[in-house]
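Work through the exercises below with the sequence and the model at hand. Each task is followed by a solution in steps.

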Amino acid sequence: MTVSKPGLVILTGAGISAESGIRTFRSSNGLWEEHRIEDVATPMGFKRDPHLVQRFYNERRKQLSQTLPNTAHHALVELERAWPGSFLLVTQNVDDLHDRAGSQSMLHMHGELLKVRCVSCDTVSRWETDVLPDSQCPACKAADKLRPHIVWFGETPLDMEIIYRSLETCDYFAAIGTSGHVYPAAGFVQCVGSDCHTTEINLEPSVVNSAFKECRHGPATETVPAWVREMLSRR
């Protein structure tokens, strides 16, 4: 008789990167890095003042270059490498800390800070330096046509079909460092099967805390490695 191997889906949010020095998405006053969300994280904001938006993300890239993955990122890599069944890490974060830690089976549902997309030819390209008015698309060579490869408010997150399919069939689902305010990610816990064991790992209870079967609260650098050790002991 063949024994099925357990599937695991993990969602991560800003809380896991905060302990590496990356500020969470928005503060209590609704600002993101002292800017209105409407000005720097919406298609209309980009259309209204593209140079402000480019300067904003140029500064985010510089900040990212000064940060390193923390023990929570590394623990999830250890879990991925040792997990016996299917594994998918879905991150809401646009930073590359999971990537640098070594995560492989991963989707950036909100895009990536170190990539740009050409609005002329739709090509997505790796981009680690400033985007300037005369910056050219590496594919079509058009100038002043690059935008951050970020899913802004009002846009559809990436790879949703793959994500929902994985949620429907997984045996374990964990949400790490998420506030529960941003949809569709906040609703992922509602998309798993009734037998799926769901765990929230967060600094404090999220707004969807009650939907989880198990909750662990504390700093990600402490709670995530401890949870990973327990998960691997179940193999």
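The model is predicted: local features need pLDDT of at least 70, side-chain atom pairs count only at pLDDT 80 or more, and totals for chains, interfaces and linings use all residues. Residues are numbered from 1 along each chain as its sequence is written, and side-chain values use heavy atoms, with hydrogens and water left out.

**Exercise 1. Charges over rings**

**Exercise 2. Aromatic pairs**

Describe the pair F46 and W152, then the pair F173 and F212.

Step 1. Rings of Phe, Tyr and Trp (its six-membered ring) pair if their centres lie within 6.5 Å; planes under 30 degrees apart count as stacked, over 60 as edge-to-face and the rest as tilted. The structure holds 6 aromatic pairs.
Step 2. F46 and W152 are 5.4 Å apart centre to centre with 45° between the planes, a tilted pair. Helices (H or I, at least four residues) and strands (E, at least two) are DSSP runs, numbered from the N terminus. F46 belongs to helix α3 (residues 43-48) and W152 to the loop between β8 (146-150) and α7 (160-169), so this pair links distant parts of the chain, 106 residues apart.
Step 3. Buried means under 20% relative accessible area, exposed over 50%, and partly exposed in between (1.4 Å probe, protein chains only). F46 has 16% relative accessibility and therefore counts as buried; W152, at 3%, is buried as well.
Step 4. The ring centres of F173 and F212 are 6.2 Å apart and the planes are at 15°, so this pair is stacked. F173 is in strand β9 (residues 172-176) and F212 in the loop between β10 (197-202) and β11 (214-217), so the pair ties together parts 39 residues apart in sequence. Both F173 and F212 are buried.
Step 5. One aromatic cluster is formed by F46, F56, Y57 and W152.

**Exercise 3. Cysteines**

How many disulfides does the structure hold?

Step 1. A disulfide is a pair of cysteine sulfur atoms within 2.5 Å. The count is 0.
Step 2. For C140, the nearest cysteine sulfur is that of C118, 3.7 Å away. C140 is partly exposed because its relative accessibility is 34%.
Step 3. For C196, the nearest cysteine sulfur is that of C170, 3.8 Å away. C196 is buried, because its relative accessibility is 2%.

**Exercise 4. Backbone geometry**

Step 1. Most residues other than glycine have a negative phi, and most peptide bonds are trans.
Step 2. P184 is placed in the loop between β9 and β10.
Step 3. With 54% relative accessibility, D122 counts as exposed.
Step 4. D159 is partly exposed, at 34%.
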